[in-house]
Amino acid sequence: MLIFKDKAVDLLSTIITDLEREELESLIEIPPSYDMGDYAFPTFRLAKVLRKAPDIIAQDLADKLKEDDNFEKIEAAGPYLNFFISREKLAQTTISEVLEKKELYGSSNIGEGKKVIVEFSSPNIAKPFHIGHIRTTVIGNSLAKIYKFLGFDTIKINHLGDYGTQFGMLISAFKKWGDREVIEANPIKELLALYVRFNTEAENDPQLKDEARYWFKELENGNQEAYELWQWIREISLKEFSRVYDMLKIDFDSYAGESFYSDKMPEVLEEMKAKGIVKESEGALIVDLEPYGMPPALIMKKDGSTLYTTRDIAAAIYRKNHYDFYKNLYVVASQQNLHFKAWMKIVELMGHEWAKDCIHIPFGMVSLEEGTLSTRKGRVVFLEDVLNTAIENTRKIIEERNPGLADKDEVAKQIGIGAILFQELFNQRIKDYVFNWDRTLSFEGETGPYVQYTHARANSLLEKGGFDDKGKIDYSLLTNEDETNIIRLIYNFPDTIVDSMEKNEPFFITRHIVDLAKAFNKFYNSTSIIVEDETLRNTRLALTFATKTVIKTGLGLLGIDAPNKM
């Protein structure tokens, strides 16, 4: 696709010999308003070299630059040289590219097949898959899609929380109060009840915590009874989780959780000892991180059992050896910032230069209006219940507004789940928020259903107008303000995807397609699209097709479906 910024640099480099091309490119800015041009070149940097005032330099450049069919005009405005892209050329460049590439528009091979691991979701087995897990699940899935779309070899890992003292608690609780048949009938809720009961009773009976530690140590030591109970709990938990993943249309390349690394930790501990990183402290092993502004990191308890830190280090080393990753991303809540900073520093201290390629992607927390989520106290909102409620509410709206719609159940799923996901990805991931049913399921304003409806509207126009992508298109007919605003957004879509990847922020795409939907609806309400003139009709439908395509691609990168009818 024609890169207009490059064309501006080409023109500048013909008359500015004092700066290298790369420096000229780095100086070009995007003005705050299109009234001031599509690109602006500030001349302050040249003032010292040429010993002239910046505004005089800008005017001199404007006088010297030859006309170019890529730009309608190039003019000086104070110390800036402003470039205005030819609207016809912009329309031709952009829409022809979408017509050629269709849903691959915006994709690229900048990743060159480099391996990127995205670790996300990672619920604890035997515990509810609740609304608090939605952020890691949705953000991680979107990032994986974005990286893949840009040519990276993306590996999705669900690092299940399937190890640790909590399983000592569950084993102990099951042996005391558990009933296999009752649990298998309703696994997560019954296991949660056991977990809550154990923690409640442990507050009055400290010996229960010792018992839990004993059973986890037995699990680590390969006790057959403990292992069989643990394996059964893991299997029934995964079966429950799979229902939610199926609803979200999310799959993983690996479910290797914490337990997968249990036999790899001794070697890691030996490496730490050999490199003099660990030291003994009251019978336990620690790494002193105080010189780096962090508290000591506990590597092994005095009873010989391991911790999250040890397992994450073992996992990172295994992944580097097994996948030889370019990036290893961890989509985990900001509450774990210190944990990730600590173990990544330890990997660096072990001499692994690739530690810098392990990147924590933090996000803000979800809380309920009545307080913070707490599994120990049983205060959770099941994610499956949230999704089902969204689907049911959407089904009611469809019955009211379009009862004759085909495939109502499937469309209700696409819109209801899309509404939930879109809200999650509409703001910067680091922001905390309070979960609210009414806001979550709203179908007005800057929402998923609004964008999905715009896609369906565009699709309906294309069907009704009989769009022919091989028919005549006159790009000179797409130069009014409403049309150009749409085209600019479509033209900038590939850069938005790259920005989302570089900053690991899917919300750039979310906001972009909201803006595109708004721009298209403004055009729809002000312009007759299906007109008698065949060329004009096909040209406006080409713009409609390009809009529909970008919205569908954008929603897809967020993990959201784009219904053709609503």
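## Lys 327 and the chain around it

Lys 327 lies in strand β9, which covers residues 327-331. The model is predicted.

### The residue

Lys 327 is buried but forms no salt bridge. Its nearest side chain of opposite charge belongs to Glu 502, at a distance of 7.9 Å. A salt bridge requires a side-chain nitrogen of Lys or Arg within 4 Å of a carboxyl oxygen of Asp or Glu. The side chain of Lys 327 does have a polar contact with the side chain of Tyr 147, at 3.3 Å.

| Partner of Lys 327 | Relation | Distance |
|---|---|---|
| Tyr 147 | polar contact between side chains | 3.3 Å |
| Glu 502 | nearest side chain of opposite charge, no salt bridge | 7.9 Å |

### The chain

The chain that holds this residue has 21 helices and 12 strands. Along the principal axes, its C-alpha atoms fill a box of roughly 85 × 65 × 40 Å. Of its 566 residues, 55% are buried.

Taking contacts between residues at least 6 apart in sequence, 74% join residues at least 24 apart. The chain exposes about 25,900 Å², and 46% of this comes from carbon and sulfur atoms.

Charged side chains number 71 positive and 90 negative. The centres of these two sets are 1 Å apart.

Technical notes: Residues numbered from 1 in each chain as written. Predicted model: local features only at pLDDT ≥ 70, side-chain atom pairs only at ≥ 80, totals over all residues. Heavy atoms only, no water. Helix = DSSP H or I, 4+ residues; strand = E, 2+ residues; numbered from the N terminus. Buried < 20%, exposed > 50% of the residue type's maximum accessible area, 1.4 Å probe, protein only. Contact = heavy atoms within 4.5 Å. Areas by Shrake-Rupley, 256 points an atom, 1.4 Å probe, with all protein chains shown as cover. Lys, Arg positive; Asp, Glu negative; His and termini not counted. Charge placed at Lys NZ, Arg CZ, Asp CG, Glu CD. Polar contact = N/O pair within 3.5 Å; in protein donor to acceptor, adjacent residues only side chain to side chain.
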